[in-house]
Every structure is written in C-alpha cells, then in structure tokens.
Amino acid sequence: MPVAIDSIVEQISNMTAIELSELKKALEDKFGVTAAAPMAGFNPAMFAGMGGGGAAAAPAEEEKTEFDVILTAFGDAKLNVIRVVREITGLGLKEAKDLVEAAPKAVKQGVGKDEAEKIKAQITEVGGTVEIK
C-alpha cells in the first residue's frame, strides 16, 4: 500500500469508537454519501431461498413475448383450413395446401400473443387444431 494510505489506516486504528463515529459522520457530510456498516459474515446466497427477491435470488424466467402457431391437424374441413391458412400467411394455394397437409407444421412464427390467439381462433373456427408454443 502507498505510504499515505498506511498512514491513514494507522491513524484510524488508534481512534476511539466515538472518534470513529464522528469521522464517519464528517465523511458522509463532506462527500454526500451514507456509510452503512457491513453485516458480519454476510453471504447473499444464504438468503436466496427466502423469497426476498433480492439480487442473489435465482433470476425469474423472462415472460415469453414471441409465439409460434402450430397447425396440429386440419380435421374434416381441410379445404376451409387451407383457405384460412392462405389468408393468414399470404401463401399461394399449392403452398398453403402443402403446409396444411404437412401438419403438425408452423403456420406463423415469432408473433405476439394477441396475434397468435387470433390465428388460433380463425383456424379452430373452421375445424383445424392449433397449438401455441
């Protein structure tokens, strides 16, 4: 350690508890900070399971914002499902037919929850079966 720091440490180590308290207050006033006494033997990991939600707790799973709409079956109304898939995806007739016949197959990927629910409703309304993942 540099000599200046050694000197300061030596001076502090010779102070009484009252002098240390006054030094703490003077430093807080001078620098506009608050000095909190550290907890002896504090280990954040020991509080992780207490549900305090502190930084040491396991990170919460991020809320999913993108969903995939998967056609799992076309049911008895294959033609109607193809029509709806064409509307949703903008695919041509052959491509939409191939997609529907390849079920389970993704109709749309990376869409918001509201849009995924809307697509699911459209397809199930005409007899198809859909999963949102």
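## A helix pair to start with

With a relative accessibility of 38%, K24 counts as partly exposed, because that class lies between buried (under 20% relative accessible area) and exposed (over 50%), using a 1.4 Å probe and protein chains only. Helices (H or I, at least four residues) and strands (E, at least two) are DSSP runs, numbered from the N terminus.

## About the model

This is a predicted model, in which local features need pLDDT of at least 70 and side-chain atom pairs count only at pLDDT 80 or more, while totals for chains, interfaces and linings use all residues. Residues are numbered from 1 along each chain as its sequence is written, and side-chain values use heavy atoms, with hydrogens and water left out.

D98 is partly exposed at 35% relative accessibility, and K94 is exposed at 57%.

Another salt bridge brings K133 and E131 together at 3.5 Å, N to O. Here E131 is partly exposed, with 37% relative accessibility. There is a network too: K78, K97 and E101 are joined by salt bridges that share partners.

## The buried side of α4

Helix α4 spans residues 93-101, and its buried residues include A96, L99 and V100. They lie on the same side of α4 because they cover an arc of only 95° around the axis, taken from the directions from the helix axis to the C-beta atoms. Among the elements covering the buried residues of α4 are β1, α3 (78-89) and β2, where contact means heavy atoms within 4.5 Å.

## The sheet

Now for the strands. An open sheet of 3 strands runs in the order β2-β1-β3, with antiparallel pairing; two strands pair if DSSP finds at least two bridges between them. At the edges are β2 (105-111) and β3 (129-132), each pairing on one side only.

Strand β1 (residues 67-73) is joined to β3 by 4 bridges, and these two run antiparallel. Within the sheet, A73 stands opposite T129 of β3.

Key
Salt bridge = Lys/Arg side-chain N within 4 Å of Asp/Glu carboxyl O.
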